[in-house]
Amino acid sequence: MTEAENRADESTRGGDGARVPERTFAALPPVRGGAFARTWWGRAWLKALEDSALDNAQVKLGRRHARAGAVGAVSVRPGRITAVVQDRDHTRHRSDVLLQQLGDADWDRLLDVMADRAGHIAALLDRDMPPVLVEDAAAAGIELLPGIGDLESACSCEAWDHCAHSAALCYQLARLLDEDPFLLLLMRGRGERELLDELQARSAARAEPAPGVGGARAAAPAGVRAAEVFAARDILPPLPAPPPPVDVPGPAPSLGGGAPPAPGVDVPSLEFLTADTAIRARGLLAEALASWHADTPPAPALSPAQDAVRLAAAGPDAAVAARLAAGSGRDARALSLAVRAWRLGGVAALEVLEEDHVPDPDALARADDRLAAAWDEGEPRPRLRAARGRWTVVGEDTQIRYGRDGRWWPYRKEHGRWAPAGPASDDPAAALASLSAADDGA
């Protein structure tokens, strides 16, 4: 997992109420040896710092701070980056580094430059910044990368020039820029989503056909016959290789950034949902790359109440679990039983816990036959009281339940409530026997 993937996309409101794009990155771990910037644009960023700072000793101390992991969560927004940096004596300072934003006219010219060459956007989406993009922008009078004097600092240590804290922040940002050059464009005034939307609109406008005679639009180009496409399959270039599998999902980002959350924002719940999204994305990618994917129908969508149980099964903290219980219409005990069922058999087991499925006559006949065959003649057989799809052993706190999938699930009464007691079985006698085996083991 790359460093820049450990991030959160956020937005804040400016003084005029407009949304300002902002991204916050969790504190990066200490690093030993090697250069801070691997890419040419990351090195250009650091050169702007080193050329601008008047005290080289402060720059070197800032580099040591960054290597030691003393830089906290980094917030990146138009014109400014911010972090809390800790000195060796554990004194903490808020440090900001400022970079002038591009004006609307500059952005208009830059968007034209980028729209003229599709390769510019393709490279950025691959987290690469081609030198030709910077050269084309410079030809249009726009300097994307900072130069001497372009990086200004503001720090709570009250230094009038770049101090060790602002230098440490610049070095940390160089590591993030290596992984995602879109951050430079964000500092210049446009977030990734806004930038891509504007480019898409600009490209679509350029693709509009010119008006024809009498103001009518030119006729749409004819398609290609399917037979011609299949005939050319041996001369067409091969499809690109699929992406590599992802071994583990990415870590959840830090959404707080060291600042107090906005009123009504539950940061722990948002971080939990972000981590769950990464886990599900990894699972979807693994399924898409599997050989059986094309022949497997998609799983039905979960209801909100079912999805709350799936989330609770991941083991969130008590506050998040309480929100999931309340949001799904369950109390804490009901959610705990639902999680137990989910872990035993997912949606099928959860439906058996919370719904009552009546066996059809054929299923009833098969169940009776299997129960009769499970005990020898003369051997005592438990008496069952059948109530629709739930058959309770008379005189005991045990039960088997029939599921929509045709299987039987063992249940046991705990503290006055029926609770799942094990995995399902096609054979009702086997489901009963699992309850007896559990009693013998206890």
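Reader: Which order do the 5 strands of the open sheet take?

Author: The order is E7-E8-E9-E10-E11, with antiparallel pairing. Strands here are DSSP runs of E, at least two residues, and helices are runs of H or I, at least four, numbered from the N terminus. Two strands pair if DSSP finds at least two bridges between them. This is a predicted model: local features need pLDDT of at least 70, side-chain atom pairs count only at pLDDT 80 or more, and totals for chains, interfaces and linings use all residues. Residues are numbered from 1 along each chain as its sequence is written, and side-chain values use heavy atoms, leaving out hydrogens and water.

Reader: Which strands stand at the edges?

Author: Strand E7 (384–387) and strand E11 (417–420). Each has a single partner strand, so one side of each has no neighbour in the sheet. From one strand to the next, the twist averages 30°. Such angles run from 0 to 180 degrees between N-to-C directions, with axes fitted to C-alpha atoms, for helices over the stretch in contact.

Reader: How many bridges join E10 to E11?

Author: 4 bridges, and the two strands run antiparallel. Glu 414 has Arg 417 in E11 as its bridge partner.

Reader: Which strands does helix H13 touch?

Author: Helix H13 (residues 332–354) packs on the sheet and touches strand E8 (390–393), strand E9 (398–402), E10 and E11. Contact means heavy atoms within 4.5 Å. The direction of H13 makes about 50° with that of E11. Helix H14 (residues 361–374) also packs on the sheet, touching E7, E8, E9 and E10. Its direction makes about 25° with that of E8.

Reader: Back to H13. What does it span between its end C-alpha atoms?

Author: Only 15 Å. A straight helix of 23 residues would span 33 Å; the expected span is 1.5 Å times one less than the number of residues.

Reader: Where does H13 bend?

Author: At Gly 346, by about 135°. That is the angle between axes fitted to the seven residues ending there and the seven starting there.

Reader: Which residues of H13 are buried?

Author: Among them are Leu 335, Trp 342, Gly 346 and Leu 353. Buried means under 20% relative accessible area, exposed over 50%, partly exposed in between (1.4 Å probe, protein chains only). The buried residues of H13 pack against helix H11 (304–312), helix H12 (318–327), E8, E9, E10 and E11.

Reader: New topic. How many salt bridges does the count come to?

Author: The count is 25. A salt bridge needs a side-chain nitrogen of Lys or Arg within 4 Å of a carboxyl oxygen of Asp or Glu. One of them joins Glu 179 and Arg 38, at 2.7 Å from N to O. That pair links distant parts of the chain, 141 residues apart: Glu 179 is in helix H6 (residues 164–179), and Arg 38 is in the loop between strand E2 (19–25) and helix H1 (40–52).

Reader: Is Glu 179 buried or exposed?

Author: Glu 179 is buried, at 16% relative accessibility. Arg 38 is exposed, at 54%.

Reader: Which salt bridge does Glu 414 form?

Author: Glu 414 meets Arg 333, at 3.7 Å from N to O. Glu 414 lies in strand E10 and Arg 333 in helix H13, so the pair ties together parts 81 residues apart in sequence. Glu 414 is partly exposed at 24%, and Arg 333 is partly exposed at 26%.

Reader: Which residues do shared partners join into one network?

Author: Arg 23, Arg 127, Asp 180 and Glu 192. Within it, the closest N and O atoms of Arg 127 and Glu 192 are 3.3 Å apart.
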